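Here is a briefing on one structure, grouped by topic. Look at the structure first, then read on.

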Amino acid sequence: MVIRSDQPKGIINRNIYGQFAEHLGRLIYEGLWVGEDSPIPNTRGLRNDVVAALKELRVPVLRWPGGCFADEYHWQDGIGPRDQRPRRPNASWGGVDTNAFGTHEFMDLCEMLGADAYINGNLGSGSPQEMMEWIEYMTSDSDSTLARLRRQNGRDKPWKVPYFAVGNESWGCGGQMRPEHYADEYRRYATFVKDYSGNHIQKLAVGSHDDYYAWTEVLMAQAARQMHGLSLHYYTLPSSNWGHKGSATEFGEKEWHATLARTLRIDEFIQKHSAIMDKYDPQKRVGLLVDEWGTWYDAEPDKNMGALHQQNTLRDAVVAGINLNIFNQHSDRVKMANIAQMVNVLQAMVLTAKEKIVLTPTYYVFKMYKVHQGAASIPIDLSAPEYKLDQASVASVSASASRDNEGKLHVTIVNLDPNRVAEITARVAGSTVRNIVGEVLTATAMNAMNTFDNPNAIKPAPFSGYKLQDSQVILSIPPKSVVALELQ
């Protein structure tokens, strides 16, 4: 490994470490929102323990209200006295949404976390007027009727809304559109996404999923001038069968290897979608936003499939580390990423059960990697043997590096191989390393997890597997582990 600290190549956008909260399962209700009358300690209805845990991650941006839910959400339902808000069926995920958590509650959460708001507008079942009026309600400091209504509902000062998306997955649950039709609709709706009272919105368009390159081609050709960002969605499954994806907790090395092989494909997708974007936007003005990513497994036997609840193991931590390393490496084009999702759903940071919470292995990876936020990307040359299983093989090591504003060099390394230590000889070009401090996240079992009975089964520990030898650093990275180092 050669860490080229003398060749920084731009800034890693802090928004790569973004989060996503959809009205789905127990994410909003029970996970974040318990109400002001709850026995669970809360601040204005938002549970204190979860908010405190998330603040530790320095969440830069939070996407809401969906997801598929966004294209059936009407913002007027979620304002005003809570006991007078309508109860609506959640047609995407089942059950009834009380609308107790709406615009004011979401923006309150963003302010508690210190996160920027990423609002996903309703293109599928909404109108340009509805979208325009929501933005006015949130951001106008005028004497208009909607600004007055916001003040009447308890918020005098307008909010800042830096990011606004026109629809979600319009090729699927957001309207089953062809790319040409969505491009026309996007340009129409985006015209009415206006800036009020000094607020400046970056307009975000629905992009592709996986290898749907034709969508990116059409959107960049027909609407690039009207957008600041284009999304990309990709979920990691152990298999290609969405009906039988595989268990979140019961798996062996075959499923471990297959999951890592499939998550590594995000690098290919980013490169190929970026190449299309480069044709129309060589200045890289339009950001690629991986605003849904993460693992997706079968529902647990006693859980409602629509709730998308799954446990989170060491395998998920390794997946998270790989993805974040890849996003860091492509920071010239990738300007935001939002893991799906924040609490109790899919690859969550936090799991809750009434008054209890558990921090997941993925949570700890985000905490270890937060040093990369806003830091200068440092290239790494890496040569490593492949991790092979039967006829399949993947890279055995993933890594990325950055230098922060204080001049500290940070390197994050993932050993994908569950059986072998990665013995790495590293050299830092342009710097002399005198000391190393770091953390390692690993466990004996591939499916190690934190539970409510044993919440600390897997968490970071000090890393001591290094030695300084002349101008080199010799690293011993344990099998199936994530390591974060500060080289001094």
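**Aromatic cluster and packing**

Trp-33, Trp-64, Phe-69, Tyr-73, Trp-75, Phe-101, Phe-106, Trp-134, Tyr-137 and Phe-164 form one aromatic cluster. Rings of Phe, Tyr and Trp (its six-membered ring) pair if their centres lie within 6.5 Å; planes under 30 degrees apart count as stacked, over 60 as edge-to-face and the rest as tilted. The model is predicted: local features need pLDDT of at least 70, side-chain atom pairs count only at pLDDT 80 or more, and totals for chains, interfaces and linings use all residues. Residues are numbered from 1 along each chain as its sequence is written, and side-chain values use heavy atoms, with hydrogens and water left out.

**Aromatic pairs**

- The whole structure holds 21 aromatic pairs.
- Trp-75 and Trp-134 are stacked, at 6.5 Å centre to centre with 0° between the planes.
- Trp-75 sits in the loop between β5 and β6 (88–89), and Trp-134 in helix α3 (residues 128–139), 59 residues apart. Helices (H or I, at least four residues) and strands (E, at least two) are DSSP runs, numbered from the N terminus.
- Both Trp-75 and Trp-134 are buried, meaning under 20% relative accessible area with a 1.4 Å probe, protein chains only (exposed is over 50%, partly exposed in between).
- Tyr-234 and Phe-269 pair edge-to-face, at 5.0 Å centre to centre with 75° between the planes.
- Tyr-234 lies in strand β11 (residues 229–236) and Phe-269 in helix α8 (residues 265–280), 35 residues apart. Both Tyr-234 and Phe-269 are buried.

**Strand β5**

- In β5 (residues 61–64), Val-61 and Arg-63 point one way, Leu-62 and Trp-64 the other, and all are buried.
- β5 runs parallel to β2 (residues 18–20), joined by two bridges. Strands pair if DSSP finds at least two bridges between them.
- Phe-20 has Arg-63 as its bridge partner in β5.
- β5 also runs parallel to β8 (residues 116–121), through four bridges. Leu-62 has Ala-117 as its bridge partner in β8.

**Six-stranded sheet**

- The open sheet has six strands in the order β16-β20-β21-β27-β23-β24, with antiparallel pairing.
- β16 (376–378) and β24 (461–462) are at the edges with a single partner strand each, so one side of each lacks a neighbour in the sheet.
- β20 (residues 397–403) and β21 (residues 409–415) pair antiparallel over seven bridges. Ala-401 stands opposite Val-411 in β21.
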